[in-house]
Amino acid sequence: MLRAVASKRCHWIRSQKCLDGSHVVLRAFASAIPPGSMVNLPALRAKQPKELLRTDVFQAIPVEDLTAESLASLAHPRVITDPSRILRVYLRHIENGDKADIDVLVRTVTQLGFLFDPNSFFSSSDRQRLTQHRDFKTLMHDLTEARESIPSAAAPVLLYSMACLEYRCAPLLPTLLDIIERHQAQWSTSVLSLALHSTASLGILGSDEVRFELMDRSISRDYKDICRSLVMELGHRCQSGSIDGACLQDWARASFATVMAGLYDTKTHPGASLPVLPQLVANACRHVPEQTELDESGWAQFFLYQTLYCTDVEQPEAEQEIKRAVPMWIQERLHHRWLDRIVLHAQPQGADDLQRDIDSSLRRTNTQSLINCSAGRDWDEQHCWFTGFLLEPKLALECDSMMPLSAGTPRTSGWLALKSRLLQKMGFTVITIHRNLWDSLSEDQKDEQIMRIRVTAGYKHDRAREKRERKMRQKAHTYKGIESKRKDWHPDPPPASE
């Protein structure tokens with residue numbers, strides 16, 4: 001026991017020994033502190049910020065299930081069309097709970113993907129800035145950690161959302177692709193065609209290996225044959241007649257996805273008489289009885305005409321069967337409407353950030369180029385494809401913003417892979433610049449890469465064009481106070497003719 005003296009009165013203070021050997025001194029009486037200097041609740045509140053006063057430290061524990069509230073917030077009309085509000089609902093959900101619910105994660109990613117679908121008015125740079133935002137990356141990280149809880153029915157729509165966002169989440173994709181492949185016989189034809197188009201759009205195709213880096217830094221199995229497996233499944237359904245109500249959009253989308261993957265001559269089995277692609281095209285054309293239905297078919301027109309054009313350029317073994325599957329009146333109508341009614345509505349809105357950065361580097365190095373310029377064969381009546389940058393002679397620079405499969409393993413999207421194949425068939429030299437590598441360079445290094453491309457690809461500079469495009473001074477240079485005066489004399493008007 002210790003003895004203390006305060007205000008001429010004696011009070012006993014007890015010292016208690018703790019488990020760690022230290023001593024805690026406990027006052028026996030509160031009257032040891034003078035009444036004027038006692039710390040009370042009003043004095044504490046007077047010194048606290050207003051933000052802390054609004055917080056109730058004795059608030060009850062929140063409700064355990066916040067999923068219903070978050071899903072209701074995501075369905076609100078003001079939230080469903082605003083990417084920032086959608087992310088805000090997700091952040092509110094994870095702040096109130098220890099772990100995000102899988103339903104909220106799937107719904108959030110799906111709504112973001114649908115906002116940036118091909119019919120969206122958002123620009124390409126808007127999409128890229130969303131996918132680079134910290135909150136979006138947190139969302140995809142939480143979804144990847146909960147990948148084992150993803151329902152099988154959510155795999156196709158998540159795959160479609162990533163294709164719309166042009167965001168290739170490498171640790172998550174193997175789980176989704178495994179679900180798609182495992183249940184491909186149970187999916188409806190509409191879901192199967194959507195999964196095929198989404199997989200091809202993400203660049204999971206070709207003859208090279210497609211392996212993803214997982215969360216534990218290991219490498220997944222090879223997924224390069226998944227598009228072929230989905231095409232063969234669609235071919236089995238065409239032959240058996242079990243198409244379960246698929247519409248024009250489904251068959252047209254599946255046809256273009258098959259072209260994107262380069263599977264023109266794929267058959268259901270080696271002894272089959274007809275490849276799958278002509279059957280897909282024929283099923284699409286059966287849903288177009290008249291010209292009115294064709295003109296109002298939206299994206300189906302684009303898919304069918306591109307299927308015909310790509311077949312004509314790449315000339316696969318099944319070229320004749322594919323062209324004969326489209327009636328001549330449909331081919332003529334698509335050809336007449338292509339420029340002003342189809343291709344203009346199919347172009348993305350605005351330029352992306354990578355394209356603008358490369359354009360700045362081209363300007364700094366005085367490299368002449370045409371941005372988003374159409375390209376085709378010399379004898380084409382109309383062009384169907386647009387290059388990122390067109391340089392002379394016949395040099396195409398393409399911009400790939402897709403995330404790599406793993407560190408140092410870039411891979412273009414399916415759209416760019418198809419475009420590169422076509423341009424090379426037309427005699428162009430195609431050079432693809434990958435964003436994950438380009439962004440790691442300084443400004444001087446970017447300019448150096450452009451100069452290396454010029455030397456390697458044989459770039460030709462047009463001096464006459466440079467002289468025409470050089471900015472000339474419109475007003476004479478002079479100093480203040482000696483500017484030329486406005487002339488007071490004007491010539492007389494000519495006499496009127498008799």
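This is a predicted model: local features need pLDDT of at least 70, side-chain atom pairs count only at pLDDT 80 or more; totals for chains, interfaces and linings use all residues.
Visitor: How are R463 and E466 connected, and at what N to O distance?

Guide: The general idea is that side chains of opposite charge can pair when their charged atoms come close. Here the side chains of R463 and E466 meet in a salt bridge, with 3.4 Å from N to O. The two residues are 3 residues apart in helix α23 (residues 463-469), so about one helical turn separates them. Elsewhere, salt bridges that share partners join D312, E319, K323, R377 and D380 into one network.

Visitor: How many salt bridges does the structure hold, and which residue pairs with D353?

Guide: The structure holds 26 salt bridges. D353 forms one of them with R356, where the closest N and O atoms are 2.6 Å apart. Both residues lie in helix α19 (residues 353-364), 3 residues apart, which is about one turn of the helix. D353 is buried, with a relative accessible area of 16%, while R356 is partly exposed at 38%. Another salt bridge joins the side chains of E209 and R211 at 2.9 Å, N to O; E209 is partly exposed at 47%, and R211 is partly exposed at 32%.

Visitor: How should I read aromatic rings, and how many aromatic pairs does a search of the whole structure find?

Guide: A pair of aromatic rings is described by the distance of the centres and the angle of the planes. In this structure, the search finds 14 aromatic pairs. For F256 and F303, the ring centres are 5.4 Å apart and the planes stand at 20°, so the pair is stacked. F256 belongs to helix α13 (residues 248-260) and F303 to helix α16 (residues 299-314), so the pair ties together parts that are 47 residues apart in sequence.

Visitor: Are F256 and F303 buried or exposed?

Guide: F256 counts as buried at 1% relative accessibility, and F303 counts as buried at 7%. F303 also forms an edge-to-face pair with F302, 6.1 Å from centre to centre and with 70° between the planes. F302 is buried too, with a relative accessible area of 4%.

Definitions and conventions:
Residues are numbered from 1 along each chain as its sequence is written. Side-chain values use heavy atoms; hydrogens and water are left out. Rings of Phe, Tyr and Trp (its six-membered ring) pair if their centres lie within 6.5 Å; planes under 30 degrees apart count as stacked, over 60 as edge-to-face and the rest as tilted. Helices (H or I, at least four residues) and strands (E, at least two) are DSSP runs, numbered from the N terminus. Buried means under 20% relative accessible area, exposed over 50%, partly exposed in between (1.4 Å probe, protein chains only). A salt bridge is a side-chain nitrogen of Lys or Arg within 4 Å of a carboxyl oxygen of Asp or Glu.
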